[in-house]
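Let's walk through this protein together, moving from the overall fold to a few individual side chains. Have your viewer ready, and keep the sequence at hand as we go.

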Amino acid sequence: MARPRHASGTIPIQTFEPLSTMCLMCGNPAHIAYHAQRMLSTLTGQHRLHLVVRRCTSPTCPRYHQPYRPEAEGAWALPHGEYGLDVIALVGFLRYRQHQSLPEIHRSLREQGLSIGARTVLNLLARYEELVTMHITDRERLLSLVQKQKHLILAVDGLRPDVGHEVLWVVRDCAAGEILLALPLLSEREADLVTLLNEVQHALPVPVHGVISDGQHSIRNAVTTAFPGIPHQLCHFHYLREAAKPVYEADRHAKKELKKQVRGIRPIEREVEQQENEDATITREYCLAVRRALTDDAHPPLSTPGLKLYKRPSLIVASLERVAQKGGFSLRLTSCTGCSQKE
């Protein structure tokens, strides 16, 4: 792992001591054994941790001569790590929320002022995945959460990465917002799903009050077998998607027809690609806006791509007409509604 560069004379020092001066195992005094130093790079800059380490001096104690380090140290970084937990969290956020590649994450961290190697980014991403796995699989934490709410509302869904591969089934509690079980299965058979649901029920001794899924037949049958009499509801996303299918099909057809009417962008670009004046620059920007309007998509059913395609070129045409009225540069306009051309 690449070591961060630092200037020791300008780095702030944080001093931490154990919360207790007594051994937590036997209750005898834990005397100061030595002082430790750690250098950390965080999103707020570099820090030097000065740690007071104690040891139990009772020979009969199971923790005799074992170091008792300050508890606050764990809030800064993992053991032996040289980058703070905030850096690890940012790496995970950029990878799984922003969907950035490793080179993009490396560039983002460098822009934050961190001195970090490209290979270190991969190591920090592995640490992030380990922390998330430990959090998800902490049964004591899950048991405490579900015991407080006293019921479960399960969301069940499967993901097949590719044809012929295992299906990753995920069972999530909608009330607590926690993943209860994630398990790969070789098939989507009803019997396998019944075993999956029973495993969740046996691990968490609270009643299941409802199940949400995409309505797949094998899931329906498995829920009926594992939880007889329990309400089973289609999830809101799939319900809305099914209800919006007629609108989506009509919008998709409208988008296809609109694209047919928007022509002539490439010839205009050829006319100005060798010119370097202001009019040519503005013309290229307008052409780029039209191209982006044609390729940019939306997220149906709440955002329809056909309507989005209609609105954007219409705004571009209106902008060009305003420029023409003000006596601006001469530019051929292509209307998205009638394919009419103006000079």
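Among contacts in the protein (heavy atoms within 4.5 Å) between residues at least 6 apart in sequence, 54% join residues at least 24 apart. Before going further, please note that this is a predicted model, in which local features need pLDDT of at least 70 and side-chain atom pairs count only at pLDDT 80 or more, while totals for chains, interfaces and linings use all residues. Residues are numbered from 1 along each chain as its sequence is written, and side-chain values use heavy atoms, with hydrogens and water left out.

The protein has eleven helices and eleven strands. Both are DSSP runs numbered from the N terminus, with helices being H or I over at least four residues and strands being E over at least two. Of the 343 residues, 34% count as buried. Here buried means under 20% relative accessible area, exposed means over 50%, and partly exposed lies in between, with a 1.4 Å probe and protein chains only. The protein exposes about 21,200 Å², and carbon and sulfur atoms supply 55% of that area. Accessible areas come from the Shrake-Rupley method with a 1.4 Å probe, and for residues only the protein chains shown count as cover.

Which residues of α8 are buried? They are Asp-251, Lys-255 and Leu-258. Seen down the axis of α8, these buried residues fall within an arc of 65 degrees, so they line one face of the helix. The arc is taken from the directions from the helix axis to the C-beta atoms. On the other side of α8 you will find Pro-246 and Lys-256, both exposed.

What do the buried residues of α8 pack against? Their partner is α11, a helix of residues 305-325 that also holds Ser-319. Ser-319 is buried, at a relative accessible area of 18%. The side chain of Ser-319 joins that of Tyr-286 through a polar contact of 2.6 Å. A polar contact is a pair of N or O atoms within 3.5 Å; within protein, one must be able to donate a hydrogen and the other to accept it, and residues adjacent in sequence count only if both atoms are side-chain atoms.

Another serine worth a visit is Ser-108, in helix α2 (residues 102-111). Ser-108 counts as buried at 18% relative accessibility. Leaving aside neighbours within four places in sequence, Ser-108 is in contact with Leu-94 and Gln-100. With the side chain of Gln-100, the side chain of Ser-108 makes a polar contact of 3.1 Å.

Now turn to strand β6 (residues 167-173), where Asp-173 is found. How accessible is Asp-173, buried or exposed? Its relative accessibility is 0%, so Asp-173 counts as buried. The side chain of Asp-173 reaches the backbone nitrogen of Ala-176 at 3.0 Å. Beyond neighbours within four places in sequence, Asp-173 is in contact with several residues, including Val-146, Gln-149 and Ile-153. Asp-173 and Ile-153 are 20 residues apart along the chain, and their C-alpha atoms are separated by 5.4 Å.

Let's finish with charges. Side chains of opposite charge can pair when their charged atoms come close. The structure holds five salt bridges, each being a side-chain nitrogen of Lys or Arg within 4 Å of a carboxyl oxygen of Asp or Glu. One of them links Arg-127 to Glu-130, with the closest N and O atoms 2.9 Å apart. Both residues lie in helix α3 (residues 118-136), three residues apart, about one turn of the helix. Arg-127 is partly exposed at 27% relative accessibility, and Glu-130 is partly exposed at 42%.

Glu-73 and Arg-69 also meet in a salt bridge, at 2.9 Å from N to O. Glu-73 is buried, with a relative accessible area of 7%, whereas Arg-69 counts as partly exposed at 32%. Asp-192 and Arg-189 form a salt bridge too, at 3.4 Å from N to O. Asp-192 is partly exposed at 21%, while Arg-189 is exposed at 53%. Finally, salt bridges that share partners join Arg-38, Arg-69 and Glu-73 into one network.
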